[in-house]
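Open the model in your viewer and keep the selection panel at hand. This tour goes stop by stop.

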Amino acid sequence: MCALLALEPALMAQELPTLGEAGGEDLSPLEERRYGEEIMQQYIRRSPEYLDDPETIEYINQLGYQLVAASAARNIDFEFFVLRDPTINAFALPGGFIGVHTTLILMAQNESELASVLGHEIGHIQQRHLARSLARQRDSAMIAMGSVLLALLAARSGGGQGSQAALALGQAAAISRQLSFSRDNEREADRVGFQILVDAGFDPQGMADFFTRMQQGTRAYASMAPAYLQNHPLTEERIADMQARIRSAHTHQHADSLDFQLIRARLHVLQDESTQGVRDQLTNFTDQVVHHSAVSDTAAYYGIALSNLKLKQPGPALEAAQAARRSTSVPSAMLDDIVSLASYEAARNDAEREAVLKLARETATHFPLSRSVAMQYTDMLQRAHHHAQAIAYLREQLALSHNDPDYYNFLAISYAALDQKTLQHQATAELYLLLGSTPAAVEQLQLARKVADADFYTMTEVDARLRQLTALAREEREEAKNNAGRGP
Ligand SMILES: [Zn+2]
């Protein structure tokens, strides 16, 4: 989402995360978070597999937070993310970052199954398993971990060639060994995850069903061998424990949310965005509607609408989006959003586009906390050249969540369109800061000061921020120098 204002190459220098001084103590929560944030910034969010899709990110975080709220890890800032990947896997990184592969979400047959995998990973973080295992390896092994992670992601993206790829794969095996936990850890994450699942109101049978199906999948298709099972071997004992817990727990059925069905339809389309891939999905969803075989008609219509949008066929997209919206009375930001998007694409003149913008504004009012709704609304305002309106709206959104790089990115685009250069550089500075590059932020503020085309109040703000960030950049340089001096 930040493609327009991509960081300059020099700023992307791959510095490996360092883990501070050797000491054998557990990582402090702050150290763990900083380490996790570095891995996210330097490797994950930049990898082509990272699914930068606001709807998917919002859904997986909503589901994740239902579980976190029922756990003893409520005080930790979790961030759930999705990787476009044909293998079935989920994993926890230091600091509360939990990744899920698209294929795992598509393979889950109900929401409790997906929740059970997230619950287990939350269990690892709640019990601080990573912090402990990282602390044990702090001295030497972990220095290599950054490079191993980098190689792993390179191997995933298929960028490596020949010996490089072979090397990367060897390292990938090394990392999965390093990141795998002891059997005691796994048992504990199962136990804690189970409790979280039940307390959050999900059906724990989902855990047993999902594991059983994964195991059957492994036997049936060797090529599908779920990566998840390599780190989480399914022993007889583990399944027996699960069954015993289910018998003794007070459990209930859990009805899947509409969003779960919609996200799965969405991921079927996003999984392979080639023209042929999208056409295949359009055929699948159409067959489901024709043969009344869809798990959810609403989701099938949603899939048809989204496929048609990707294929630039706004007419059929709008028809399907409206059918999806009519098929249920459940409030849904995703359904309202696809109706407005398809209407916008199908609009034939400015008057029709203005009517759609009014509709999109209503959706934004109904779902004030939805980031995906806000992003789509902003995007439409900008496409209709309503930049002043976009800026006012973004300022409101930033008051709610002031650390969102995408909002600053949008803000910079609108200021640039209005030729307000100081404000444009000021917004870009905040964007770079959130992306982890203080020197680039300082540079933007210097530019903001030089063009000086804003009012006195803004210029004072720029000056103050520049002083603050210059000091921060200096501190960061000194810290980096100290770390380098210590050496591996
Ligand atoms: Zn585990």
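Select Tyr59. Is this residue buried or exposed? Tyr59 counts as buried because it has 24 C-beta neighbours inside 10 Å. The cut-offs are these: a residue is buried if 20 or more other C-beta atoms lie within 10 Å of its own, exposed if 12 or fewer, and partly exposed in between, with C-beta atoms placed from the backbone. Tyr59 sits in helix α2, residues 54–69. Helices (H or I, at least four residues) and strands (E, at least two) are DSSP runs, numbered from the N terminus.

This is a predicted model: local features need pLDDT of at least 70, side-chain atom pairs count only at pLDDT 80 or more, and totals for chains, interfaces and linings use all residues. Residues are numbered from 1 along each chain as its sequence is written.

Tyr59 touches Asp259 and Ile263, leaving aside residues up to four places away in sequence. Two residues are in contact if their C-beta atoms, placed from the backbone, lie within 7 Å.

**Zoom out to the whole chain**

Colour by secondary structure. The chain has 23 helices and three strands. Of its 488 residues, 40% are buried. Take the contacts between residues at least 6 apart in sequence: 63% of them join residues at least 24 apart.

**The nonpolar core**

Select Tyr302, Ala305, Ala321, Ile338, Ala342 and Leu411. These have the most contacts inside the largest nonpolar core, which has 111 residues. A nonpolar core is a set of buried Ala, Val, Leu, Ile, Met, Phe, Trp, Tyr and Cys residues joined through C-beta atoms within 7 Å. In soluble globular proteins, nonpolar side chains tend to be buried together.

Now centre on Ala305. Which residues does Ala305 touch, not counting those up to four places away in sequence? They are Ala317, Ala320, Ala321, Ala324, Ile338 and Ala342.

**Helix pair α16 and α17**

Select 333–346 for α16 and 350–366 for α17. Their axes come within 9 Å and cross at roughly 170 degrees. So α16 is roughly antiparallel to α17. Axes are lines fitted to C-alpha atoms, for helices over the stretch in contact, and angles run from 0 to 180 degrees between N-to-C directions. Angles under 35 degrees count as roughly parallel, over 145 as roughly antiparallel, 65 to 115 as roughly perpendicular and the rest as oblique.

Show side chains. From α16, Ala333, Asp336, Asp337, Ser340, Ser343 and Tyr344 meet Arg353, Val356, Leu359, Ala360 and Thr363 of α17. By class, the contact of α16 with α17 has five nonpolar, three polar and three charged residues. Here Ala, Val, Leu, Ile, Met, Phe, Trp, Tyr, Cys and Pro count as nonpolar, Asp, Glu, Lys and Arg as charged, and the others, Gly among them, as polar.

**Helix pair α4 and α8**

Select 111–126 for α4 and 183–199 for α8. The axes come within 7 Å and cross at roughly 120 degrees. That makes α4 oblique to α8. Contact residues in α4 include Gly119 and Gly123; those in α8 include Ala189 and Gly193. The contact of α4 with α8 divides into six nonpolar, eight polar and two charged residues.

**Helix pair α21 and α22**

Select 421–434 for α21 and 438–451 for α22. The axes come within 8 Å and cross at roughly 170 degrees. So α21 is roughly antiparallel to α22. Among the contact residues are Tyr432 and Leu433 of α21, and Leu445 and Leu447 of α22. The contact of α21 with α22 has nine nonpolar, six polar and one charged residue.

Ala452 has a positive phi of about 40 degrees although it is not a glycine. Most residues other than glycine have a negative phi. Ala452 is exposed, with 11 other C-beta atoms within 10 Å.

Jump to Arg128, in the loop between α4 and α5 (129–136). Arg128 is not a glycine, but has a positive phi of about 55 degrees. With 18 C-beta neighbours inside 10 Å, Arg128 counts as partly exposed.

Finish at His252, in the loop between α11 (236–248) and α12 (258–271). His252 is exposed, with 10 other C-beta atoms within 10 Å.
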